[in-house]
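Dear colleague,

Please find below the structure that I am handing over to you. The findings follow directly after it.

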Amino acid sequence: MSATEVPTTVGKMTVTNQHLLDWVAETAKRTQPDKIVWCDGSDVEREVLTQYAVETGVLIPLNQEKRPGCYLHRSNPNDVARVEHLTFICTPTKEEAGPTNNWMAPADGYAKLGAMFEGSMKGRTMYVIPYSMGPVGSPLAKIGVEITDSVYVVLNMRIMTRMGQAALTTLGASNDFNRGLHSTLDVNPDRRFICHFPQDNTIWSVGSGYGGNVLLGKKCLALRIGSYLGKSEGWLAEHMLILGVESPEGETTYVAAAFPSACGKTNFAMMIPPKRFDGWKVWTVGDDIAWMRVGPDGRLWAINPEAGYFGVAPGTSMKSNPNAMLSIRENTLFTNVALTPDGDVWWEGMDGDVPEELTDWQGRPWKKGSSEKAAHPNARFTAPMANNPALSKAANDPSGVPISAIVFGGRRATTVPLVMQSFNWTHGVYLGATMGSETTAAATGAVGVVRRDPMAMLPFCGYDMGQYFNHWLAMQSHIKNPPKIFQVNWFRQDTNGKFLWPGFGENMRVLKWVIDRAHGRVGAQETPLGWVPKAGHLDLSGLDVAHERVDAANAINLDEWRREFELQQELYDKLDATMPEALKLQRALLQTRIG
Ligand code: OXD
Ligand code: MN
């Protein structure tokens with residue numbers, strides 16, 4: 001088959017969408033692959049591609065008795081994480097991308113990356129992956145097609161999205177699909193760019209083979225392009241987990257929560273309640289992204305657009321996240337973890353003793369006590385959500401789930417109390433807009449530096465951040481029964497740098513108060529910052545932590561808040577051109593309250 005000769009049928013898959021056929025033909029002409037494979041999502045296809053990936057060294061089979069269907073991938077050591085400095089929003093004007101995004105003019109982006117795509121797939125196979133973000137056919141879902149020259153991308157997209165024939169059938173003859181084009185080129189950081197063209201519903205990615213840079217349905221479509229579409233179409237695309245809390249009486253309440261990367265989002269989404277909450281159950285709908293629309297009942301309904309978890313492996317253990325450990329027992333791809341002598345995976349923070357000998361994430365021999373990490377700190381697992389014992393039955397529901405509470409969290413050693421509720425929607429948007437995470441000595445050497453990460457969307461908002469706040473504010477008038485908005489902080493420390501709150505499953509105690517507040521079932525105490533639990537309302541029975549420490553985790557120190565108020569100025573200055581008046585007013589109100 002010549003590169004430009006595009007088959008309309010492969011196996012059982014029938015391709016009739018002329019827009020798609022034209023785009024694939026045009027792309028093949030540009031990239032000149034040896035072969036074009038249309039991915040139908042079948043099991044046979046998975047077997048064939050996995051076999052091919054093993055033969056070509058892209059995947060290393062793990063011990064199939066211990067981890068059936070599991071494989072290890074080692075990425076190029078220069079290509080191990082998302083590259084925010086090489087990620088661009090290509091809108092007609094720089095102002096539309098806003099001061100927090102890198103910007104490139106669309107014509108420049110197309111020209112620059114277009115030149116790199118010329119002949120880039122010579123000698124390679126071009127895979128065409130139709131996929132649905134969200135349950136197939138859901139009114140909240142979107143169709144994308146990713147063209148890639150990486151079999152690793154195909155095998156990951158199979159897990160992370162609903163991929164293949166069903167997505168194509170849903171698309172029908174429509175031209176309304178995201179066009180994602182990816183080539184690994186020569187994995188050279190000097191020729192690595194991730195460009196988003198929101199007005200064209202298009203993503204071009206070159207020079208990387210790793211995660212969020214190349215699985216284009218995830219951060220690129222579901223968040224950057226998604227947030228732009230959400231603004232134009234009146235819905236919200238958010239960096240939020242979604243969970244359902246079921247009471248012993250069988251009432252399930254759904255919560256969406258935004259935390260910056262590395263704040264334990266996947267752990268929270270898969271939380272197991274402590275003994276005290278016998279009979280309670282936390283169900284995972286999603287661990288990273290929420291798409292939310294107003295339903296006919298005036299509530300906000302959310303879907304998880306993904307079908308799998310692309311989770312950080314180091315630190316994941318039976319203690320921190322048993323459901324994640326159970327989710328990765330089979331049919332999971334591991335990237336940049338260490339390999340044990342018997343063909344299993346290992347990473348720092350896993351349960352049990354540190355093995356004497358391993359092969360590290362770069363394939364080098366590693367000995368216990370080595371100063372180097374065996375697994376890369378950003379090593380990942382890609383696991384089907386169907387593996388999760390706590391998967392919500394609603395995770396595949398095309399209608400999504402009704403959200404009763406929205407939670408904003410960050411990693412703050414000081415200042416921010418364990419939990420508080422906003423006074424109203426606008427104040428809630430202000431809490432989300434000003435959220436941030438404090439760096440720790442271990443991470444950067446500079447303690448107490450707050451990086452503002454509005455709604456955990458700083459690297460993921462596909463347009464101007466001030467306009468994004470405006471969109472959130474404007475949503476209020478459309479949501480007749482809005483969720484209540486909360487702020488949490490699991491990470492407050494004492495003067496010795498020890499965490500005051502135990503976190504993990506014990507966060508259920510905070511969640512219980514959040515839910516009771518959302519249903520209007522429990523009182524609260526007004527403070528200058530927001531509503532906090534009244535004495536005795538946070539259920540602490542059976543908690544093995546001194547009550548003074550819990551009090552310290554909840555404490556409000558107005559001196560710290562006067563400092564916090566000053567620190568927020570930087571964000572306001574940066575976004576000054578489009579910062580909504582309502583959020584300026586919220587800040588002024590806070591100032592009068594804290595004095
Ligand atoms: C992620 C992230 O990979 O937020 O989910 O960085
Ligand atoms: Mn994320």
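A compact globule of 595 residues would have a radius of gyration near 25 Å, and the protein chain, at 24 Å, agrees with that expectation. Please note that this is a predicted model. Taken along the principal axes, the C-alpha atoms fill a box of roughly 75 × 55 × 50 Å. Of the 595 residues in the protein chain, 60% are buried. The chain contains 18 helices and 33 strands. When contacts between residues at least 6 apart in sequence are considered, 73% of them join residues at least 24 apart.

Two helix pairs

In general, a pair of packed helices is described by the angle between the two axes and by the distance between those axes.

Helix H2, which covers residues 43–55, packs against helix H5, residues 151–160, at an angle of about 145 degrees. The axes of H2 and H5 are 10 Å apart, and the crossing of these two helices is left-handed. On the H2 side, the residues that meet H5 are Asp 43, Glu 45, Arg 46, Leu 49, Thr 50, Tyr 52 and Ala 53. Their counterparts in H5 are Val 151, Val 154, Leu 155 and Arg 158. Sorted by class, the contact of H2 with H5 comprises 6 nonpolar, 1 polar and 4 charged residues.

The second pair consists of helix H11 (residues 425–433) and helix H18 (residues 581–594), whose axes are 10 Å apart and form an angle of about 90 degrees. Angles of 65 to 115 degrees count as roughly perpendicular, and H11 is therefore roughly perpendicular to H18. H11 contributes Thr 426, His 427, Val 429, Tyr 430 and Ala 433 to the contact. H18 contributes Ala 582, Leu 583, Gln 586, Arg 587, Leu 590 and Arg 593. The contact of H11 with H18 divides into 6 nonpolar, 3 polar and 2 charged residues.

Two residues with positive phi

Most residues other than glycine have a negative phi. Asn 201 is not a glycine, yet its phi is positive, at about 50 degrees. Asn 201 is located in the loop between strand E12 (193–197) and strand E13 (202–206). With a relative accessible area of 13%, Asn 201 is buried, because the limit for burial is under 20%.

Ala 456 likewise has a positive phi, near 60 degrees, and is a residue other than glycine. The loop that holds Ala 456 runs between strand E30 (450–452) and helix H13 (465–475). Ala 456 is buried, with a relative accessible area of 1%.

Two further buried residues

Which residues are in contact with His 376, leaving aside its neighbours within four places in sequence? They are Val 80, Pro 314, Asn 336 and Trp 361. Pro 314 is 62 residues from His 376 in sequence, and their C-alpha atoms are 7.9 Å apart in space. His 376 lies in the loop between strand E25 (365–367) and strand E26 (380–384), and counts as buried at 14% relative accessibility.

Ile 406 belongs to strand E27, residues 401–409, and is buried with a relative accessible area of 0%. Leaving aside neighbours within four places in sequence, Ile 406 is in contact with Met 240, Ala 256, Met 292, Leu 300, Trp 472, Pro 483, Lys 484, Ile 485 and Phe 486. Glu 146 is 260 residues from Ile 406 in sequence, and the two are 32 Å apart in space, C-alpha to C-alpha.

With kind regards

Methods
Residues numbered from 1 in each chain as written. Chains lettered and ligands numbered in written order. Predicted model: local features only at pLDDT ≥ 70, side-chain atom pairs only at ≥ 80, totals over all residues. Heavy atoms only, no water. Axes fitted to C-alpha atoms, helices over the stretch in contact; angles between N-to-C directions. Helix = DSSP H or I, 4+ residues; strand = E, 2+ residues; numbered from the N terminus. Left-handed = near helix turned anticlockwise from the far one by under 90°. Contact = heavy atoms within 4.5 Å. Nonpolar A, V, L, I, M, F, W, Y, C, P; charged D, E, K, R; others polar. Parallel < 35°, antiparallel > 145°, perpendicular 65-115°, else oblique. Rg over C-alpha atoms; globule rule 2.2 N^0.38 Å. Buried < 20%, exposed > 50% of the residue type's maximum accessible area, 1.4 Å probe, protein only.
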